[in-house]
Amino acid sequence: MPEVQPYPERVKICCLGAGYVGGPTMTVIAKFCPDIKVTVCDLNEKRIAAWNSDSLPIYEPGLKEVVDESRGRNLFFSTDIDAAIRDSTIIFVSVNTPTKKSGVGAGEAADLTYWELAARQIAAVCNASDDKSPKIIVEKSTVPVKTADAMAQVMAASCLSTNLQVLSNPEFLAEGTAMDDLFRPDRVLVGGAQTPQGLAAIDYLCKVYRRWVPTEQVLTMNLWSAELSKLTANAFLAQRISSINSVSSLCEATGANVAEVAHAIGVDTRIGPKFLKASVGFGGSCFQKDILNLVYICRSFGLPEVAQYWHQVILMNDHQKNRFAKKIVSSMFNTVSGKKIAILGFAFKKDTGDTRETPAIDVCKALLQERAQLSIFDPEVSREQITVELGQEEMELVETPGDVNASCAGAHALAIITEWDVFKSLDYQRIYESMSKPAFIFDGRNMLDHDKLEEMGFKVFTIGKGKKQPDIDDS
Ligand SMILES: NC(=O)c1ccc[n+]([C@@H]2O[C@H](COP(=O)([O-])OP(=O)(O)OC[C@H]3O[C@@H](n4cnc5c(N)ncnc54)[C@H](O)[C@@H]3O)[C@@H](O)[C@H]2O)c1
């Protein structure tokens with residue numbers, strides 16, 4: 001049996017990638033392990049400067065307090081990636097893995113450019129260093145099955161002198177609840193090579209998590225099971241949303257109410273109540289990307305039926321976003337040209353400023369195609385960010401007054417896209433009075449009191465509520 005090279009007693013950690021995952025995850029490790037030095041690095045100097053300031057680069061409830069507690073004590077943010085790699089035994093890689101835009105697998109496969117560059121940089125630094133103690137590379141990014149294997153080969157080929165073990169430790173946090181998810185995860189997965197050195201590496205990383213996560217929730221497995229578990233978890237979650245959204249159209253057609261149906265099926269303990277809320281569709285940087293990735297992998301392994309099955313989850317989501325935009329146009333007498341529509345919420349969900357793959361993009365673009373004038377308000381998304389998502393040309397017909405009442409004033413319609421709590425407590429009576437009539441509300445999150453809004457005079461359109469929708473000719 002080959003000898004196992006021991007890992008140092010004093011753990012030191014760094015993370016490549018200071019984004020939505022790397023930043024919060026390392027902050028929580030630093031909180032629960034005050035004796036462990038944790039350095040978070042990024043190529044992006046602006047992002048690191050923001051992590052070192054009072055204005056963090058991402059919005060996440062509770063994050064600032066925990067950063068303030070540990071930053072400068074055992075939590076550091078730096079652009080000196082080489083130094084951090086040299087100084088650490090555990091190196092997390094939490095870089096972006098977007099969908100490929102060109103080449104083989106474009107539009108589906110994960111782009112591993114950033115991951116491979118990070119792997120090569122780690123190998124180069126280890127090669128050049130006199131310290132030959134073993135290191136553990138932790139794949140935190142979501143990657144296709146067998147990536148760890150490929151990366152281990154890349155690193156082994158360019159760095160013969162240091163023992164580099166690659167572990168898969170996918171992250172399950174959800175933006176908006178990241179801190180709670182990290183404090184009390186349902187589980188932590190650690191996959192690694194089932195060799196003596198691989199098992200020693202798994203144990204070394206698990207000991208860090210066991211400082212605050214109960215042992216039975218720290219699951220160990222082989223590398224590929226861990227990688228596949230992450231893609232599968234996201235595919236199952238997104239599938240539930242697409243499933244209930246598919247039923248929402250049927251509810252509208254039949255007179256059923258999707259909230260009642262979701263409640264009735266969710267109390268069945270075999271199904272459970274979570275992720276059963278019908279809406280304008282899911283967004284975010286992960287669901288679509290990870291399912292497309294799964295689809296690509298299935299196809300590559302000669303499983304076209306399995307690929308098609310999962311692809312339908314994406315198609316249903318696209319359908320739901322388009323359906324919502326079409327409903328706005330058809331309800332407003334088949335034209336929105338020149339009409340002001342207030343878009344309430346642009347982030348892909350509440351409590352985050354993240355706009356990647358947000359359904360707001362599809363809805364806004366469809367309305368802009370119809371020449372509507374949009375007034376967009378989101379408490380955490382800047383005009384600059386909206387411009388990045390919609391494109392400079394589209395912004396000609398978009399205003400962003402930065403005040404929700406100003407967005408609504410004079411509008412013909414309000415469209416709720418993000419379920420921000422603040423939208424529940426707006427003074428809708430006052431808003432109604434300030435709007436053009438008939439005044440429409442399209443509640444893409446089914447979050448408002450529709451009966452009350454109708455009493456005020458609004459024409460209310462919801463998702464999946466099959467009661468007779470107001471007849472616009474009666475107004
Ligand atoms: N956002 C989520 O909710 C979430 C949840 C679970 C898993 N994930 C996965 O985690 C990974 C990271 O996601 P994210 O949302 O944090 O991405 P992100 O885009 O917010 O952050 C990635 C960061 O990595 C940096 N980077 C790229 N190459 C680098 C390198 N070689 N060295 C140092 N830094 C480098 C980028 O500059 C960027 O700041 C992705 O694979 C994603 O699928 C994301």
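Where does glutamate 357 lie? Glutamate 357 sits in the loop between β9 and α13. Its phi is near 60°, a positive value in a residue other than glycine. Glutamate 357 is buried, with 21 other C-beta atoms within 10 Å. Here a residue is buried if 20 or more other C-beta atoms lie within 10 Å of its own, exposed if 12 or fewer, and partly exposed in between, with C-beta atoms placed from the backbone. Helices (H or I, at least four residues) and strands (E, at least two) are DSSP runs, numbered from the N terminus.

The model is predicted: local features need pLDDT of at least 70, side-chain atom pairs count only at pLDDT 80 or more, and totals for chains, interfaces and linings use all residues. Residues are numbered from 1 along each chain as its sequence is written.

The chain holds 17 helices and 14 strands. Its radius of gyration is 24 Å, close to the 23 Å that the globule rule gives for 475 residues, so the chain is as compact as a globular protein of that length. The radius is taken over C-alpha atoms, and the rule is 2.2 Å times the number of residues to the power 0.38. Along its principal axes the C-alpha trace spans about 85 × 50 × 45 Å. Of the 475 residues, 45% are buried. Among contacts with a separation of 6 or more, 76% link residues 24 or more positions apart. Two residues are in contact if their C-beta atoms, placed from the backbone, lie within 7 Å.

In soluble globular proteins, nonpolar side chains tend to be buried together. The largest nonpolar core in this chain has 69 residues. A nonpolar core is a set of buried Ala, Val, Leu, Ile, Met, Phe, Trp, Tyr and Cys residues joined through C-beta atoms within 7 Å. Ile341, Ile343, Leu344, Leu367 and Ala415 have the most contacts inside the largest core. Helix α11 (residues 287-300) gives the most to this core, with seven residues. Leaving aside neighbours within four places in sequence, isoleucine 343 is in contact with Ala360, Cys364, Leu374, Ile376, Ala415 and Ile417. A second, separate core has 62 residues, including Val67, Leu75, Ile85 and Ala118.

Six strands form an open sheet in the order β11-β10-β9-β12-β13-β14, and the pairing is parallel. β11 (398-399) and β14 (459-462) stand at the edges, each with a single partner strand, so one side of each is left without a neighbour in the sheet. Two strands pair if DSSP finds at least two bridges between them. Strand β10 (residues 373-377) is joined to β11 by two bridges. Phenylalanine 442 has phenylalanine 461 in β14 as its bridge partner. In a regular strand the side chains alternate between the two faces of the sheet. In β14, Lys459 and Phe461 point one way and Val460 and Thr462 the other way; all are buried.

Helix α13 (residues 359-369) has eight of its 11 residues buried, so it is largely enclosed by the rest of the structure. The buried residues include Pro359, Ala360, Cys364 and Leu367. Their cover includes α12 (304-331), β9 (340-344), β10, α14 (383-390) and β12 (413-416). Arginine 371 lies in the loop between α13 and β10. Its phi is near 65°, a positive value in a residue other than glycine. With 12 C-beta neighbours inside 10 Å, arginine 371 counts as exposed.

A cis peptide bond runs from lysine 437 to proline 438, with omega near 0°. Proline 438 is in the loop between α16 (428-434) and β13.

Isoleucine 36 is in the loop between α1 (22-32) and β2 (37-41). With 18 other C-beta atoms within 10 Å, isoleucine 36 is partly exposed. Not counting residues up to four places away in sequence, isoleucine 36 touches Val11, Lys12, Ile13, Ile29 and Asn74.

The ligand is surrounded by 27 residues, and the closest are Gly17, Gly19, Tyr20, Val21 and Ser141. A residue is near a molecule or strand if its C-beta atom, placed from the backbone, lies within 6 Å of it. Helix α5 (residues 113-128) gives the largest share of the shell, three residues.
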